[in-house]
Amino acid sequence: MCGDCGCEVANADHFKQTIHLEIDVLKKNNHIAHQNHHWFHDHGVTAINLMSSPGSGKTALLERTSREFQESAFSILVGDQQTDNDATRLQLSGARVRQITTHSSCHLDASMIEKELDFIKEKLLIIENVGNLVCPSAFDLGESKKVALLSTTEGEDKPEKYPVLFHKADLIIITKSDLIPYLDWDETKCLDSIHKVNPKARVIKLSSKTGEGMKLWYDFLRECLCV
Amino acid sequence: MHELSIAKAIVDSGIQHVKQGQKVLSIHIKVGVLSGVVKEALEFAFPEASQGTVFENSRLEVEKVALVLFCKKCHKLTRSEDIVILCQHCYDTEVEIKEGKEILIQKMEVE
């Protein structure tokens, strides 16, 4: 009889053992993100990770930025589960862009960026993450800054409903400000919601359609390039 | 549903600590409220991610970790299940996050 559990297998070696670990589950992603971060630093690249829900205006913001921002050329990596529609739109605005199709994955991870490092030639890289308010926030890419977009049509309380992404953002951009006159959108409520989850967030409000507030975004990009 | 990616990462990380011939009976994970991981979604994804590995049919135990903030002004701790970055004692926002961001494999039971 086995001495461990009393089963019939003589001298069986199947005793239970508890292994204490405390391992970071995202260690592998974080390691690659760290390598990406070093690559960006060594090549003088400022990388910005744009995250938001689908339809909040990431691509429209980058289209206008491609046409207007003169201080530095920039490359764009754009993530979507399917299609290269966003990359096509951005190419038409003159940007140098590469589409990353994630298929079943709802976010970009650090290894997807690592595979595209050869594409990056400019001093500024903007990563348009997959449109999703939850998943992209868990995966560091090695970026210098995280930027979250929140459109006025999404209502004021999205930051409280999806706090992780907004908590991690260095900059929060309220988009589609041109629609405010047509919506019951309350700026004070929106700012309160942002500051509950990210009291130190820098917040700007703009419209990629009319150009209102775009200067504040360009100022942010300039500051990032100077660091 | 990034929990499938998280579940795969749990299997990839944990597998390195399992010796040849051993089978995993249970695995205990700690997920902070600020990690963005939903317990139920992770439990749903884990059987799929563990199929064909030593984790197949193992029991996933997910422990939620509340947000713990240390206030730099009044030096008190605030514990919260909600993500509100505010000291609940003096209502200051100068706080340091002590717990709540983690996604950790804490322990595994093997035989």
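This is a predicted model: local features need pLDDT of at least 70, side-chain atom pairs count only at pLDDT 80 or more; totals for chains, interfaces and linings use all residues.
Colleague: Let's start with one in chain A. Which side chain does A:Glu223 meet in a salt bridge?

Modeller: That would be A:Arg202, with an N to O distance of 2.8 Å. A:Glu223 belongs to helix H8 (residues 214-226) and A:Arg202 to strand S8 (residues 202-205), both of chain A, so this pair ties together parts that are 21 residues apart in sequence.

Colleague: Are the two partners buried, exposed or partly exposed?

Modeller: A:Glu223 is partly exposed, at 40% relative accessibility. A:Arg202 is also partly exposed, with a relative accessible area of 30%.

Colleague: Over to chain B, then. Where do B:Glu43 and B:Lys39 lie?

Modeller: Both are in helix H2 (residues 39-50) of chain B, 4 residues apart, or about one turn of the helix. B:Glu43 is partly exposed at 31% relative accessibility, and B:Lys39 is partly exposed at 22%.

Colleague: What about B:Lys73, which side chain does that one meet in a salt bridge?

Modeller: B:Asp92, at 3.9 Å from N to O. This pair links distant parts of the chain, 19 residues apart: B:Lys73 is in the loop between strand S3 (67-71) and strand S4 (77-80) of chain B, and B:Asp92 is in the loop between S4 and strand S5 (95-99).

Colleague: And B:Asp92, does it count as buried or exposed, and why?

Modeller: B:Asp92 counts as buried because its relative accessibility is 19%, and the cut-off for buried is under 20%. B:Lys73, on the other hand, counts as exposed at 57%.

Colleague: Which residues do salt bridges with shared partners join into one network?

Modeller: A:Glu71, A:Lys215, A:Asp219 and A:Arg222.

Colleague: New topic: the interface. How many residues of chain B are in contact with chain A?

Modeller: 29 residues of chain B, and they touch 27 residues of chain A. Between them the two chains bury about 2,600 Å², 64% of which is on carbon and sulfur atoms.

Colleague: How many salt bridges are there across the interface, and how many residue pairs in polar contact?

Modeller: There is 1 salt bridge across the interface. A:Lys200 and B:Glu94 form a salt bridge, the closest N and O atoms being 3.4 Å apart. The polar contacts come to 10 residue pairs.

Colleague: On the side of chain B that touches chain A, which elements supply at least two residues each?

Modeller: Helix H1 (3-15) and strand S6 (103-110) of chain B do. S6(B) gives the most, with 8 residues. By type, that side of chain B divides into 16 nonpolar, 9 polar and 4 charged residues.

Colleague: In which sense does S6(B) pair with strand S1 of chain A?

Modeller: Antiparallel, over 6 bridges, with S1 covering residues 17-24 of chain A. As one example, B:Val110 in S6(B) stands opposite A:Gln17.

Colleague: Now a backbone check. What is phi of A:Lys176?

Modeller: Near 60 degrees, a positive value in a residue other than glycine. Most residues other than glycine have a negative phi. A:Lys176 is in the loop between strand S7 (171-175) and helix H7 (187-197) of chain A, and it counts as partly exposed at 25% relative accessibility.

Colleague: And phi of B:Tyr91, what is that near?

Modeller: Near 65 degrees, again positive and in a residue other than glycine. B:Tyr91 is in the loop between S4 and S5 of chain B, and at 59% relative accessibility it counts as exposed.

Colleague: Last one. Leaving aside neighbours within four places in sequence, which residues is A:Glu63 in contact with?

Modeller: A:Arg89, A:Leu90 and A:Ser93. A:Glu63 has its place in helix H2 (residues 58-68) of chain A, and it is buried, with a relative accessible area of 18%.

Note on methods
Residues are numbered from 1 along each chain as its sequence is written. Chains are lettered from A and ligands numbered from 1 in the order in which they are written. Side-chain values use heavy atoms; hydrogens and water are left out. A salt bridge is a side-chain nitrogen of Lys or Arg within 4 Å of a carboxyl oxygen of Asp or Glu. Buried means under 20% relative accessible area, exposed over 50%, partly exposed in between (1.4 Å probe, protein chains only). Contact means heavy atoms within 4.5 Å. Buried area is the accessible area (1.4 Å probe) that two parts lose on being put together, summed over both. A polar contact is a pair of N or O atoms within 3.5 Å; within protein, one must be able to donate a hydrogen and the other to accept it, and residues adjacent in sequence count only if both atoms are side-chain atoms. Ala, Val, Leu, Ile, Met, Phe, Trp, Tyr, Cys and Pro count as nonpolar, Asp, Glu, Lys and Arg as charged, and the others, Gly among them, as polar. Two strands pair if DSSP finds at least two bridges between them.
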